[in-house]
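Colleague: I am new to reading models of this kind, and I would like to go through one slowly. Could you take me through a few features, giving the general idea first and then the case at hand?

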Amino acid sequence: PNNRRIVVNGHDFKFIAEYESDLKRKGHQVRRDKWGWSDPIDLRRSEALVEWGETIVSEWGLMNSVWYSENCCTGGKQHFVRVHLQEISERAAKYTSQIIIEGVNRFVFVANHVAEKALSKYNWPREKIEILPNYVDLERFSIGGNSKGGKTIGIVGIVPKRKRFDIALDVIKKLNELDSGWKLVIKGRMPSEYPFMRAPNRSQEMAYFNRQLKRINTDSILKSSVD
């Protein structure tokens with residue numbers, strides 16, 4: 001039915017916002033429950049929404065998912081937990097490991113390798129696992145409207161290191177060696193703009209980014225092809 005009451009909860013909605021909009025376009029009622037990374041922001045709101053909602057979508061398997069797994073699955077309600085890479089890190093594991101399996105209908109993963117790591121780490125039942133990659137509205141990025149003839153590549157965020165900004169630079173340099181005119185456009189903040197990147201335990205990661213920025217400034221191809 002196109003009139004379900006849906007609650008989306010979590011600390012960060014950037015990966016699910018378009019899905020929320022699509023649900024609303026289809027006639028569903030969608031309400032957000034904003035949480036902190038490890039704590040509720042307004043537990044009375046959460047309590048009201050868990051009563052109101054018919055379908056609960058927990059974005060990120062952190063303390064929001066723990067609380068909803070403990071409180072939501074009664075009266076035919078459904079609870080889906082969407083798991084990203086972060087939840088298999090040691091920092092997140094102390095929260096993710098507390099999720100009540102019986103209080104979750106499906107664990108939805110953004111990638112198969114993340115699902116496999118979580119299965120081995122948390123011993124979740126495979127029958128509750130679904131893979132649904134992060135999505136992109138391709139119609140918003142039509143090459144036909146690109147005045148540079150489709151020779152522009154975008155990278156959305158270069159932090160943290162595991163996004164492999166160095167490989168993006170390798171690719172754009174190789175493309176220009178084969179066929180000039182390619183551009184790499186960086187969307188998002190630079191590493192130095194994130195306060196957490198200035199922490200002592202991030203010094204090696206910052207050194208990595210500084211090496212990549214030096215590459216751009218000293219390599220003639222990269223200097224003219226990275227914006």
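**Reading the model residue by residue**

Modeller: Let us start with W60, which is buried, with a relative accessible area of 5% (buried means under 20%, exposed over 50%, and partly exposed in between, with a 1.4 Å probe and protein chains only). Please keep in mind that this is a predicted model, in which local features need pLDDT of at least 70 and side-chain atom pairs count only at pLDDT 80 or more, while totals for chains, interfaces and linings use all residues. Residues are numbered from 1 along each chain as its sequence is written, and side-chain values use heavy atoms, with hydrogens and water left out.

Colleague: Where does W60 lie, and what is its phi?

Modeller: Most residues other than glycine have a negative phi, and most peptide bonds are trans. W60, in the loop between β3 and α3 (63-71), has a phi near 80°, a positive value in a residue other than glycine. The element names follow DSSP runs numbered from the N terminus, with helices being H or I runs of at least four residues and strands being E runs of at least two.

Colleague: Is N123 buried or exposed, and what is its phi?

Modeller: N123 is exposed, with a relative accessible area of 65%, and although it is not a glycine, its phi is positive, at about 60°. You will find N123 in the loop between α5 (112-122) and β6.

Colleague: Which residues does a cis peptide bond join?

Modeller: The cis bond joins V159 and P160, with omega at about 5°, and P160 sits in the loop between β7 (152-156) and α6 (165-178).

Colleague: How should I read the surroundings of a residue such as E59, and which residues is E59 in contact with?

Modeller: Begin with the strand: E59 belongs to β3, residues 55-59, and is buried, with a relative accessible area of 0%. Leaving aside neighbours within four places in sequence, E59 is in contact (heavy atoms within 4.5 Å) with residues including N9, D12, R82 and H84. The side chains of E59 and R82 make a polar contact at 2.9 Å, that is, a pair of N or O atoms within 3.5 Å, where within protein one must be able to donate a hydrogen and the other to accept it, and residues adjacent in sequence count only if both atoms are side-chain atoms.

Colleague: N9 was in that list, so which side chain does the side chain of N9 make a polar contact with?

Modeller: The partner of N9 is S58, side chain to side chain, at 3.1 Å. N9 itself lies in strand β1, residues 5-10, and is buried, with a relative accessible area of 0%; not counting residues up to four places away in sequence, N9 touches, among them, D33, W35, E59 and Y68.

Colleague: Which residues along the sequence come together in space, G103 being one of them?

Modeller: G103 and S69 are 34 residues apart in sequence, yet their C-alpha atoms are 4.2 Å apart. G103 is in the loop between α4 (90-96) and β5 (106-109) and is buried, with a relative accessible area of 3%. For the other case, take V66 in helix α3, whose C-alpha is separated by 34 Å from that of F165, 99 residues along the chain.

Colleague: And how many helices and strands does the chain have?

Modeller: There are 8 helices and 8 strands, buried residues make up 42% of the 227 residues, and the C-alpha trace spans about 65 × 45 × 35 Å along its principal axes. Of the contacts with a separation of 6 or more, 64% are between residues 24 or more positions apart.
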